[in-house]
Structure formats: C-alpha cells, structure tokens
Amino acid sequence: MKTVLIVEDDLINARVFSKILTKRGGLEVKHTENVDEVMKIAQAGEADIILMDVSLSHSVYQGKPVDGIKITQMLKADPQTANLPIILVTAHAMEGDRENFLKQSGADDYISKPIVDHQQFVDQIVALLPKD
C-alpha cells in the first residue's frame with residue numbers, strides 16, 4: 001500500500017484529505033506539520049508522495065519559521081529525497097499562483113483548496129505515485 005504524507009497545519013483539512021485518500025484512494029496516510037518529522041519520514045523512505053500545504057503558520061526548522069515552499073525546496077535539494085513527488089496544496093489560487101509556486105518550490109504538482117471533486121483529487125495524487 002502506498003503512503004501519502006500530509007503536511008498541513010489545519011487539522012480539519014488534514015482529516016478531510018485523510019478520509020478521502022483512505023476511503024476513495026485506498027492509500028495509507030501520515031500527517032504532521034513538524035518539519036523535523038517531515039524530513040525524517042522523507043529520508044527514511046516512509047512516504048511515497050507528500051501533500052504539502054504552502055502556508056504553514058506554525059512550522060519552524062532549525063529555529064526559523066518555514067513554509068511549504070521552503071520545505072519543498074529543502075527536500076528537492078537533498079539527493080536522498082529529490083525524487084519524492086510533492087504536491088503543493090493551497091488556498092492561494094489566484095491567477096499565476098500555480099506557476100509561481102511550482103517554479104519557486106520545484107514541486108511536482110499543485111492542488112487548490114477547497115477540494116471540490118474528491119475523485120479528481122485522488123486521481124491527481126495516484127497519477128504521481130511511483131509505479132512499482
């Protein structure tokens with residue numbers, strides 16, 4: 001079974017994503033907004049894909065506040081985690097945001113909140129999962 005790591009500071013969103021992914025997608029789900037934990041899970045190969053909230057309001061790494069863009073940059077810069085697919089998830093869905101966020105972060109895809117089409121959400125994630 002494939003595992004999705006949800007990096008999200010809003011517990012309601014995390015629960016909704018989790019329910020959709022387990023029920024519709026048959027996927028395993030982990031959730032944390034702790035950056036050290038994110039790095040540890042990614043480096044240990046315990047996640048097949050990451051859903052990364054862009055604006056993490058409480059996340060701190062090595063004493064500095066970081067957002068999803070910064071965490072994605074760190075993961076993509078590390079040879080050990082560079083190939084791990086990362087999908088940015090954000091409520092900031094203004095025109096041009098998608099391209100801007102993807103370019104800045106190096107992420108593989110982008111989903112805007114709120115999630116309206118649950119099946120499309122699952123399909124978008126499954127499409128990026130590594131094939132065995």
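This is a predicted model: local features need pLDDT of at least 70, side-chain atom pairs count only at pLDDT 80 or more; totals for chains, interfaces and linings use all residues.
Once its neighbours within four places in sequence are set aside, Ile 50 is in contact with Leu 5, Val 7, Ala 42, Leu 75, Leu 84, Pro 85, Ile 86 and Ile 87.

## The annotated aspartate

The unreviewed UniProt entry places the feature "modified residue: 4-aspartylphosphate" at Asp 53, a residue that lies in strand β3 (residues 49–53). Because its relative accessibility is 2%, below the 20% limit, Asp 53 counts as buried. Apart from neighbours within four places in sequence, Asp 53 is in contact with Val 7, Glu 8, Asp 9, Gly 68, Val 89 and Lys 113.

Lys 113 lies in the loop between β7 (109–112) and α5 (118–128), while Glu 8 lies in the loop between β1 and α1 (11–23), so the pair ties together parts that are 105 residues apart in sequence. Lys 113 and Glu 8 are both buried.

## Other salt bridges

The count of salt bridges in the model comes to five. One of them joins the side chains of Glu 46 and Lys 30, at 3.2 Å from N to O; this pair links distant parts of the chain, with Glu 46 in the loop between α2 and β3 and Lys 30 in strand β2 (residues 28–31), 16 residues apart. Glu 46 counts as partly exposed at 37% relative accessibility, and Lys 30 likewise counts as partly exposed, at 27%.

Another salt bridge is formed by Asp 109 and Arg 98, whose closest N and O atoms are 3.1 Å apart. Here too the pair links distant parts of the chain, since Asp 109 belongs to strand β7 and Arg 98 to helix α4, 11 residues apart. Asp 109 is buried, with a relative accessible area of 12%, whereas Arg 98, at 36% relative accessibility, counts as partly exposed.

Technical notes: Residues are numbered from 1 along each chain as its sequence is written. Side-chain values use heavy atoms; hydrogens and water are left out. UniProt positions are given in the numbering used here, feature names are shortened, and annotations may be inferred rather than shown by experiment. Helices (H or I, at least four residues) and strands (E, at least two) are DSSP runs, numbered from the N terminus. Buried means under 20% relative accessible area, exposed over 50%, partly exposed in between (1.4 Å probe, protein chains only). Contact means heavy atoms within 4.5 Å. A salt bridge is a side-chain nitrogen of Lys or Arg within 4 Å of a carboxyl oxygen of Asp or Glu.
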